[in-house]
Every structure is written in C-alpha cells, then in structure tokens.
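Okay, quick one from me today. Have a look at the model on the screen, and then I'll talk you through how some of it packs.

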Amino acid sequence: MTGSRLSFEEMWERIMACDDRYDGLFFTAVKTTRIYCRPSCRSRKPKKENVDFYLVISEAEAAGYRPCKRCQPQVEHSPWNGFVLLARAFIVEHYRENLLLKDIAEHVKLSVHYLDRLFKQETGETPRLYLEKVRVDRAAHLLRWSEKSNLEICYEAGFHTPSNFYKAFRRHHDCSPGEYRNQGAPIMREDIRRKALKRSAAAENAEYVGQMVVSEIGY
Ligand SMILES: [Zn+2]
C-alpha cells in the first residue's frame, strides 16, 4: 500500500517536520484524542508512544479515529490531487531504483509531459525534485540513526554518484551530510527550512543556480 516503505521513525520525523509533501501518503492517529491528522498538521505534536500510523483513511476510521478539524485530512484540495498522490506514493516506493519520469507517468496513466506539468501546477515542484527530496529525507534519516558511511548512505538513499548526493543534500539542508551529522542531524520544520534555503539561495551566484538543474532522474 502507499507509503509502506517508510518506517515508523521516518513517518515520525516527517510529522515533526510538518512536511506537507507526505500528506495523503499516511495519517497520524493519536490514541489519546482519537483524532487523525495529515503529516503537515500544525497542532501540538503528540507523544511518540501515543501515535499510530495508518496508510489509508478508511482504516483509521474503522479503528475509531475522527478527522482533525484543523488539518482536515479527509478533504482533497484539488480534483487533480489523486494523480499527484499516486505519483508521490510511487516515488516513495521506488526511490532507490533508477526511476525515470516515464515509469512514474506510466504508473499514473498520464503522458510524461502532462504529468510533469500537472505535478508542478499542483505542488510547485517537478516530480524530479520530489524524488530528490524523498532521497534526501532517507539520507537524513540514516545520518540520524545509523553508523553507515556517507558513501553507503548515498547509495542506500538511491543516489547514483556521491557528487549528486552531496549537491542534492546541500540544496535541501544547506550543509554537507557530514556537517549535518555533526550537528546532531536536526529535524527542522519544513516551512522554516524552506525559508532559510530561499535566503541562502538568494545569496548564491548565478553559476551555482546553473548547477541546480543537474538532473538525477533521466527524462
Ligand atoms: Zn490535524
């Protein structure tokens, strides 16, 4: 089922980060309040031991949970959301493979061009960038929890070359994987992280911006 490749700890990290890019892939159910939420919900975070994760709403509701009034996890914001969700779930399931946009498009049953446009229109980013984000999240998780080397993490997170790994990691966290680990691998709220990245990107020169189009996913 969707999102099943994420471990409990990874889902926990995404809800601590209020990461809307995982909305719809899983739901956080809070045993004490009997409420379920989107990963991006800004309500006060529950204690870890009070949390259960569900991959589909029907299962959370069958277990007696009700939707959160604040984040409204049962509401789809757009009629196109189903396609985006399918594409995201496919990416989260297959990020370790040499994933091509064509594979994602085939899975979603849209043309490559249309999927790319729709995904961008709905989420503000391309599927390629989303794939990169999922890989960086996996790498950050391994830096936080494992003793593996940067090189092992690079491949385990689905990157094909260390240079792509380092560039992508810096693009999302504004530091190297080693620095991130040395800082204690902090989980930052997504909106704060993105704002910080924007500020830092604005300070970068045009040459670096040129490098940002380096593609990890083949078109
Ligand atoms: Zn909520």
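**Helix packing and the nonpolar cores**

So, helix 3 (residues 81-94) and helix 4 (residues 101-108) pack at about 130°, with their axes 9 Å apart. Axes here are lines fitted to C-alpha atoms over the stretch in contact, and angles run from 0 to 180 degrees between N-to-C directions. Helices are DSSP runs of H or I, at least four residues, and strands are E runs of at least two, numbered from the N terminus.

Some housekeeping: this is a predicted model, where local features need pLDDT of at least 70, side-chain atom pairs count only at pLDDT 80 or more, and totals for chains, interfaces and linings use all residues. Residues are numbered from 1 along each chain as its sequence is written.

Who meets whom? On the helix 3 side we've got Phe-83, Leu-86, Ala-87, Phe-90 and Ile-91, and they meet Ile-104, His-107 and Val-108 in helix 4. Contact means C-beta atoms, placed from the backbone, within 7 Å.

Now keep an eye on Ala-87. Skipping neighbours within four places in sequence, Ala-87 is in contact with Ile-104, Val-108, Leu-115, Phe-119 and Pro-127.

Ala-87 also turns up in the largest nonpolar core, which has 36 residues; Ala-87, Ile-91 and Ile-104 are among those with the most contacts inside it. A nonpolar core is a set of buried Ala, Val, Leu, Ile, Met, Phe, Trp, Tyr and Cys residues joined through C-beta atoms within 7 Å, and buried means 20 or more other C-beta atoms within 10 Å of a residue's own. Helix 3 gives the most to this core, six residues. Apart from that core lies another, of 13 residues, including Val-136 and Ile-153.

Note on methods: Two residues are in contact if their C-beta atoms, placed from the backbone, lie within 7 Å. A residue is buried if 20 or more other C-beta atoms lie within 10 Å of its own, exposed if 12 or fewer, and partly exposed in between; C-beta atoms are placed from the backbone.
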